[in-house]
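Trainee: I have a new model open and I'd like to learn how to read it. Can we go through it feature by feature?

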Amino acid sequence: MCIRDSIVIEAIYEEMPAKKELFGRLNQCVKSTAVLTSNTSYLDVNEIAESVPNRKGVVLGTHFFSPANVMRLLEVVRTDTDDADVLLGGLDLGRKMGKLPIVSGVCHGFIGNRMLEGYFGEAAIMVEEGIDPSRIDRVMYDFGMAMGPLAVSDLAGLDIGGAKRKAAGGGQAADVPGAFVSIRLCELGRYGQKTGRGYYIYEKGSRSPIPDPEVSELAVNALAYFGLKPSDISDQEILERCLYPLVNIGAAILEEGIALRASDIDLVYLNGYGFPVWRGGPMHWAGTVGLGAVRQAVERYYGQTGREHWSPSSLLVRLGVEEKTFDSYDGENS
């Protein structure tokens, strides 16, 4: 297998102009046969590759998971023009580094983070509907997740999501469902564990989340802003609203060819997102629930909300009607 002469991994901050500028500089100072890769979580690797047109076929995305010295997962992102030996070389490099490399196509967030937006989005929306963050996190922890979604948001830093919303809104984050409370927490300088307050309170020297009544007050304001009444939902609905978007978006990722197999998606979530190993990953787990039941629930939530992450994937609909699983879909495409 040819791995070219060398591979350069760029790992600066997530801003497209800065990435392109650095790639332009690298293009001038490394061998023409070298592979250039970008450690990016969301950005369009095709666009980065187009900034160095003389290196057509030798640009990859390498999404390392934080902390990179600990996390085993590596998403190797192929562009539309990658040579096969370059992709294989990127996978081989990942294995030599002790990583589990999974191939992804180019889309916003690739496999893992694209799916995560639906999961985190529904959790944040439920907070705005008056559901206590600790209850949402407890349901997901009891399911087997390493941490609940609101606790993870505090760990990662609410300011990261806030910066993305501002960038998407041209400098102003919009008060859409799922953003209202988070925007105001950021305005108060409450970014999560790093500041001692986010969705929870964190005492000095402790990472244990303590419920905060001020978040409940913000949720009341959100209810008034959106003209809603407080929700009274079951733990089962909390579970469905967190996990079924993962399955639905995962099905779309399969349908689009971003992921090669459902089992690849499962490996991403088992190794990068704290999904319980004994559940087999979100796609396998959905098969144990029954894709027909998942499909019906997704269609119901889409009818109630119209939110994009509930728009039923045609693959999920087909497999649900045929009473098949994503494991059987892998068999169809092997």
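Predicted model: local features only at pLDDT ≥ 70, side-chain atom pairs only at ≥ 80, totals over all residues.

Trainee: Where does Val127 sit, and which residues is Val127 in contact with?

Mentor: Val127 belongs to helix H4, residues 112–128. Helices here are DSSP runs of H or I with at least four residues, strands are runs of E with at least two, and both are numbered from the N terminus. Contact means heavy atoms within 4.5 Å. Setting aside neighbours within four places in sequence, Val127 touches Pro133, Ile136, Leu150, Tyr199, Val215 and Ala219. Leu26, by contrast, is 101 residues from Val127 in sequence and 45 Å away in space, C-alpha to C-alpha.

Trainee: Which residues touch the most other members of the largest nonpolar core?

Mentor: A nonpolar core is a set of buried Ala, Val, Leu, Ile, Met, Phe, Trp, Tyr and Cys residues joined through side-chain atoms within 4.5 Å. The largest one here has 66 residues, and Ile111, Ile136, Met140, Tyr199, Leu254 and Phe326 touch the most other members. Helix H10 (residues 235–256) gives the largest share, 11 residues. Another core lies apart from it, with 14 residues, including Leu22, Val45, Ala49 and Val52.

Trainee: How do I read the sheet, and in what order do the five strands come?

Mentor: Strands of a sheet pair through backbone hydrogen bonds, either parallel or antiparallel. Two strands count as paired if DSSP finds at least two bridges between them. In this model five strands form an open sheet, ordered S1-S2-S3-S4-S5, with mixed pairing. S1 (7–10) and S5 (100–104) are the edge strands, each with a single partner, so one side of each has no neighbour in the sheet.

Trainee: Which strands does helix H1 touch?

Mentor: Helix H1 (residues 16–29) packs on the sheet and touches S1, S2 (35–38) and S3. Its direction makes about 160° with that of S2; axes are lines fitted to C-alpha atoms, for helices over the stretch in contact, and angles run from 0 to 180 degrees between N-to-C directions. Have a look at Ser38 in strand S2: Ser38 is buried, with a relative accessible area of 0%. Beyond its neighbours within four places in sequence, Ser38 contacts Glu10, Lys19, Phe23, Ile48, Leu60, Gly61 and Thr62.

Trainee: How many of the eight residues of helix H8 are buried?

Mentor: Six of the eight residues of H8 (residues 180–187), so this helix is largely enclosed by the rest of the structure. They are Phe180, Val181, Ser182, Ile183, Leu185 and Cys186. After H8 comes Gly189, with a positive phi near 75°.

Technical notes. Residues numbered from 1 in each chain as written. Heavy atoms only, no water. Buried < 20%, exposed > 50% of the residue type's maximum accessible area, 1.4 Å probe, protein only.
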